[in-house]
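Welcome! Take a moment to look over the sequence and the 3D view, and then we can walk through a few parts together.

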Amino acid sequence: MRPRRPVGPSKGFRVEQQNLSSTVVFDAVPGASLYVVQWKLANAIAFNDQQFEPEAVFCEAIDIRVSAVGVDGTSPLSEPYAVAAPRPLVNPKLQLLNMHYLNTPLTSEFYSANGTIEIMFEFDNGAWPLGVADLTVVPMFHLITCVEPDLSQGVPLPDFTRGPMANTLVGRIGSDMMYRKCRFVYYAQSISSRRCATRTEIRTPPANDLQTLTINCDTVQGNPCVKVDSFEAPICGQINDIDYVIMKKFLVAGEHDFTLMLNVSFEPIVRENESPTIYYKAFYGEAAPYARKEEEALAGVNMTSVMASTTNCVNFDPNGFCLANTGTNFNVSGIHFDTLYGITICAVKDPRNLTWPDFADGNQHVGSKVGMIIGIVLAAVAVLVLGIIGVCCYINKKQKKENKLYQLKLAQLEREKECRYIDFPKKHDIWEIERRNLIIFDEVKLGSGKLLGKALANKDSTSPLGVNLMRAENCQVAVKMLPEYADEMSRSEFLREIGLMKTIGYHERLVNMLACITDSEPLCLVVEYCSDGDLLRFLRERCKYMMKLDAAGVNYHEPPVDNNYDIEMVITLKQLLMFAVQVSYGLEYLSSKGFVHRDVAARNVLVHGKSACKIGDFGLCRNLYADSSLYKSKGGRLPLKWMSPEAIRHYEFSAQSDVWAFGVLLFEIITLGGSPYPSVSPEEMLPFLENGGRMERPDNCPENFYAVMCECWTVDPEKRPDFSTIRQKLAAQLEEITEEYSYLTLDAQKDYYNVQYGDQKVNHSNPCLAYWREVCGQV
């Protein structure tokens, strides 16, 4: 009788996706013949012993634990494994069913078209248990290019809705896309479940699932295009070089001179976007020399008669297409010594159009034609010069008239504006201060359009921050002023920034708004004054100073002797960690309020009193809607080297993309203002990141600090830590650090202290991945 062996617990729980469905699997237990599964809802306390009913709890997050049963007994229950609410998935590859023309105008606020193109796709819903009726599929449908561009109006992206048949989507675009021969790329990007309220975003589909379609008169059914059959005519004379060799020399009966057979070779000119050549045909005959070289340059061959023609094709099919040819050479016969011949070679593009030029007749009066051409050219030049002078006079006169009208309209608008403000008093804004209470020092510029100023307190100040921070007799402030020459778009963006800062609220780690002036020009935004400027310049100044001390052999790890260095210009690792914690604290507040900053970088963090960091520059900041965690940008000037892959590719910004940028900010902090990705140019950033490229651990960077950076640079946005977690990890590192470990040693040879592109070697591997393999033994 064999001894009883205890049955081990179940391990290795994971979710695997196969055939568009997800399955919870775990490692097999040796000796187990069956498994008992207990489950409970994620928010329940006790596990349920009742029979599991998938239909009832399909959309719920649950916890499971498993016990293995074998002949030797039963294993203990495994640790609970959390199974998240299921997310739907479909095949990203869409099947194009048809494109149909509708004689219905398509109009929107900024776009109009006389007709509509209806596009229908079919998708594969896989094995989603709730059926296709539960799914909402949104394709990515992006314009690549058009043969005939139109910059007069924007092109709205179509909204795809459920089609008339199961598993179909229907979208509509303007018929001008058909006439302009536009090309689009598409795939199924977003899949949502109505019942489960979960969604799957496919950011980077497999290459084979990313398809393109061209919308033109040939691909759209029922189109009103008028199609006229036209066949391209032969193109003659496009030859770079020509040469010949004598093949035969013989006497013909009754003639006294030898008759020659030549093999003529030539080099054709091949132009881009030109239709392919079917075969070549040559016409040759006696020719006469031109009286002048200019005539030869302008008119080409002066063939007086066409003797014969030949071709490089040796076998034609019944439709006139060439089945076999001799390449770029052919034989010419009937040639005699001491006679001038001309030859013209034509490229046949379509055998259905063999319209040849009349070579002999076209050159009979070439001398007179050359004179006529020269005369026409001179006359055209004279007319063109006179025309340009006339047009310039007309434009100048018209411009003066338009300027006068513009000045009249401007004066009228100013009068209307004055009357409007007099007749209708504005609503009181608690943030507004009178301009007389703001003293601006024009000679002191703080950078980024900011000036130093003083805000004078007054008893009637009702601004939430004015009450607290202007209670003293006066206080220094920073003033961001909109230039008087700014256009309407800049003015609108400036007012939007002011409105946004009013809603953000106060936080000690933000550059808080104090007041504003918007009732008169120039517009002003009054914010807290930070004495030491932006963090990037603050760090680089100390980096430069410490490198000079290193070069001079000064040991700044020890207290200064005879004031041999400025202790305030030496920064320690402990100070850098403190800055990182402070910035993460401010970003944690912003994300909790539903804001995404979109430009987290050292240049947008300000330093006050050499020890306090505050987040500033909310020009790109946006408020996320309550029902969405993403902000879709329209492009523009964006900081590529601080952006996450999904932000670069899809212009989608979220708290997770701010986390990615914060990881780059940590790199700037630990390298004292080093340049991120110093050997990667901006246009190479996206392929570099998508191929797994990351920045290596800098010198002076502790491993646990670099681990936080790597977590911020996780490819999947959902797996990046939130700012609360980041702040707690950095704060724990700050508490553990000692003064002895706090001093830095700089290596001036590191490339991130200088920005260079070119032949430097780029590390396309993922050092973060290598770091985790080294520490954990697995990815």
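Are phenylalanine 58 and tryptophan 128 buried or exposed? In this predicted model, phenylalanine 58 is buried, and tryptophan 128 is buried as well. These two residues form an edge-to-face aromatic pair, with 5.3 Å from centre to centre and 70° between the planes. Phenylalanine 58 sits in the loop between α1 (54-57) and β4 (62-70), while tryptophan 128 belongs to the loop between β10 (116-122) and β11 (135-146), so their pairing ties together parts that lie 70 residues apart in sequence.

Let us move on to another pair of rings. Phenylalanine 538 and phenylalanine 579 have ring centres 6.0 Å apart and planes at 75°, so this pair is edge-to-face. Phenylalanine 538 is part of helix α7 (residues 535-552) and phenylalanine 579 is part of helix α8 (residues 573-592), so the pair ties together parts 41 residues apart in sequence. Both phenylalanine 538 and phenylalanine 579 are buried. Phenylalanine 538 has a charged neighbour too: arginine 542 lies over the face of its ring, 3.7 Å from the ring centre.

Across the whole structure, a search finds 16 aromatic pairs. There is also an aromatic cluster, formed by Phe121, Phe141, Phe160, Phe184 and Tyr186.

Now for some strands. An open sheet of 4 strands runs in the order β17-β25-β20-β21, with antiparallel pairing. At its edges are β17 (235-236) and β21 (308-311), each pairing on one side only. Strands β20 (residues 279-286) and β25 (residues 341-348) pair in the antiparallel sense over 8 bridges, and lysine 281 stands opposite cysteine 346 in β25.

Technical notes. Residues numbered from 1 in each chain as written. Predicted model: local features only at pLDDT ≥ 70, side-chain atom pairs only at ≥ 80, totals over all residues. Heavy atoms only, no water. Pairing = 2+ DSSP bridges. Helix = DSSP H or I, 4+ residues; strand = E, 2+ residues; numbered from the N terminus. Phe/Tyr/Trp six-rings, centres within 6.5 Å; stacked < 30°, edge-to-face > 60°. Buried < 20%, exposed > 50% of the residue type's maximum accessible area, 1.4 Å probe, protein only. Lys NZ or Arg CZ within 6 Å of the ring centre and 35° of its normal.
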